[in-house]
Amino acid sequence: MKEFSSHIRSAIMATVVLAVVCSGLYPLLIFGISQALFRDKANGSLIADPDGTVHGSKLLAQGFTADKYFHPRPSAAGNGYDAANSGGSNLGPTSQKLNDAIKDRVDSYRKENGLKETDPVPADAVTTSGSGLDPHISLHNAELQTPRVAKARAVSEEKLRELIQQNTDGPDLGILGDPGVNVLRLNLALDQLR
């Protein structure tokens, strides 16, 4: 019986020690390291004014539809850009619903940006990302939207191209993928022009 009690006592002590280490000390250690070394990222990469007004996260897209703004990728996340319902549509390349949606988006994109029926449209302008919340568009997509935004804001296209370059993130690790224009940061910079 003493041996059984000894095993129970050891099991309870091991459980308590592991609970304290795994549920208390380790999370506090990781929290402290992330706050010390990666404060911006650990807190959501928020974009805020100097007065503290938060406009969003540079990691999440927001819907912009007015002509005076650059438009993000389409979203399949909930009611559009809903982080609580992040995810793709799961429609495959043989899906008629997907093909119809892309055709409608191509027509709409050409119309709103003054393109001819034969002008190619960037894929990121008419397809959703895997999460539905991708904050970036391609440089080509931004370039095609530039005349519309310049006209709506009465700003030179050259000034908009400068803002596009300032709000373009390079490839991951400097080598993976293509540069992308962060739409929220770009549109906030546009609003600062006034």
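How many helices and strands does the chain have? Within that arrangement, which residues of helix H6 are buried, and what covers them?

Author: This is a predicted model, so local features are described only where pLDDT is at least 70 and side-chain atom pairs count only at pLDDT 80 or more, while totals for chains, interfaces and linings use all residues. Residues are numbered from 1 along each chain as its sequence is written, and side-chain values use heavy atoms, with hydrogens and water left out.

The chain has six helices and five strands, where helices (H or I, at least four residues) and strands (E, at least two) are DSSP runs numbered from the N terminus. Read along the sequence, these elements follow the pattern α-α-β-β-α-β-α-α-β-β-α. The mean pLDDT, the predictor's confidence in each residue on a scale from 0 to 100, is 89 for the chain, and 99% of the residues reach 70 or more. Confidence is lowest in helix H2 (residues 39–42), with a mean of 81, and highest in helix H4 (residues 139–153), with a mean of 96.

The C-alpha trace spans about 90 × 45 × 30 Å along its principal axes. Of the 194 residues, 30% are buried, where buried means under 20% relative accessible area, exposed means over 50%, and partly exposed lies in between (1.4 Å probe, protein chains only). Contact means heavy atoms within 4.5 Å, and among the contacts with a separation of 6 or more, 54% are between residues 24 or more positions apart.

Helix H6 (residues 183–193) is mostly covered, since eight of its eleven residues are buried. Those residues are Val183, Leu184, Leu186, Asn187, Leu188, Ala189, Leu190 and Asp191. The cover over them includes strand S1 (46–48), strand S2 (54–57), strand S3 (136–137), helices H4 and H5, and strand S5 (180–182).

Asparagine 167, in the loop between H5 and strand S4 (168–169), counts as buried because its relative accessibility is 9%. Leaving out residues up to four places away in sequence, asparagine 167 touches Gly180, Val181 and Asn182, together with Arg185, Leu186 and Ala189; of these, Leu186 and Ala189 are among the buried residues of H6. The C-alpha atom of asparagine 167 is separated by 8.0 Å from that of valine 183, which is 16 residues away along the chain.

H4 is among the elements that cover H6, and leucine 144 is found in H4. Leucine 144 is itself buried, with a relative accessible area of 17%, and beyond its neighbours within four places in sequence it is in contact with Tyr109, Asn113, Leu115, Pro120 and Pro122. Threonine 118, by comparison, is 26 residues from leucine 144 in sequence and 14 Å away in space, C-alpha to C-alpha.

Serine 45 lies in the loop between H2 and S1, and S1 is another element included in the cover of H6. This serine is buried at a relative accessible area of 2% and touches Asp40, Gly56, Ser57, Lys58 and Leu59, again not counting residues up to four places away in sequence. Serine 45 and lysine 58 are 13 residues apart in sequence, with their C-alpha atoms 5.9 Å apart.

Alanine 154, in the loop between H4 and helix H5 (157–166), is exposed with a relative accessible area of 72%, and has a positive phi of about 55 degrees although it is not a glycine. Most residues other than glycine have a negative phi. Isoleucine 175, placed in the loop between S4 and S5, is likewise exposed, with a relative accessible area of 67%.
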